[in-house]
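Thanks for coming. Please have a look at the model on the screen, and I will then go through a few parts of it.

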Amino acid sequence: MPHALPFHLSDYMELVDITGRAILPNKRGAIEESTPAILERLNLKPEQWQELTTQFEDCFHHAAGSESYLEAYRHRHKLKRLRDKNTANRLFG
């Protein structure tokens with residue numbers, strides 16, 4: 001697999017989550033056992049996360065986030081419209 005991890009994204013995210021929960025003497029803190037998995041906390045499916053991390057610059061042009069965040073950005077910057085609303089809805093719901 002050139003330019004890719006040798007395992008599935010969901011397995012990698014689980015590895016990151018497990019590592020974050022580890023309590024080590026030289027580590028500042030740890031994620032509590034009762035804390036939901038990282039993608040669950042972000043309210044993202046593995047496919048959404050993969051698209052965000054591999055195609056971010058194709059997905060968003062001015063700002064990134066939910067449609068409500070994009071609307072606030074549009075108003076704040078006095079833009080007529082943003083073309084990324086459909087992508088925001090697909091990726092962030």
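I begin with helix 5, residues 67-76, whose buried residues are Leu70, Glu71, Tyr73 and Arg74. Buried here means under 20% relative accessible area, exposed means over 50%, and partly exposed is in between, with a 1.4 Å probe and protein chains only. Helices are DSSP runs of H or I with at least four residues, numbered from the N terminus. Seen down the axis of helix 5, the buried residues fall within an arc of 160 degrees, so they line one face of the helix. That arc is taken from the directions from the helix axis to the C-beta atoms.

Before going on, a note on the source: this is a predicted model, where local features need pLDDT of at least 70, side-chain atom pairs count only at pLDDT 80 or more, and totals for chains, interfaces and linings use all residues. Residues are numbered from 1 along each chain as its sequence is written, and side-chain values use heavy atoms, with hydrogens and water left out.

pLDDT is the predictor's confidence in each residue, from 0 to 100. The protein chain averages 83, and 95% of the residues score at least 70. Confidence is highest in helix 5, at 90, and lowest in helix 1, residues 9-21, at a mean of 83.

Back to helix 5. Which exposed residues does the face turned away from its buried side carry? They are Ser68, His75 and Arg76. The buried residues of helix 5 pack against helix 6 (85-92). Just after helix 5, Lys78 has a positive phi of about 55 degrees.

Next, the largest nonpolar core, which has 12 residues, among them Met13, Phe60, Leu70, Tyr73, Ala88 and Leu91. Such a core is a set of buried Ala, Val, Leu, Ile, Met, Phe, Trp, Tyr and Cys residues joined through side-chain atoms within 4.5 Å. Helix 5 and helix 6 each supply at least two residues of this core. Leaving aside neighbours within four places in sequence, Ala88 is in contact (heavy atoms within 4.5 Å) with Phe60, Gly65, Ser66, Glu67, Leu70 and Gly93.

Last, helix 1. Asp17 is located in helix 1 and is buried, with a relative accessible area of 9%. Not counting residues up to four places away in sequence, Asp17 touches Ile31, Pro36, Ala37, Ile38 and Arg41.
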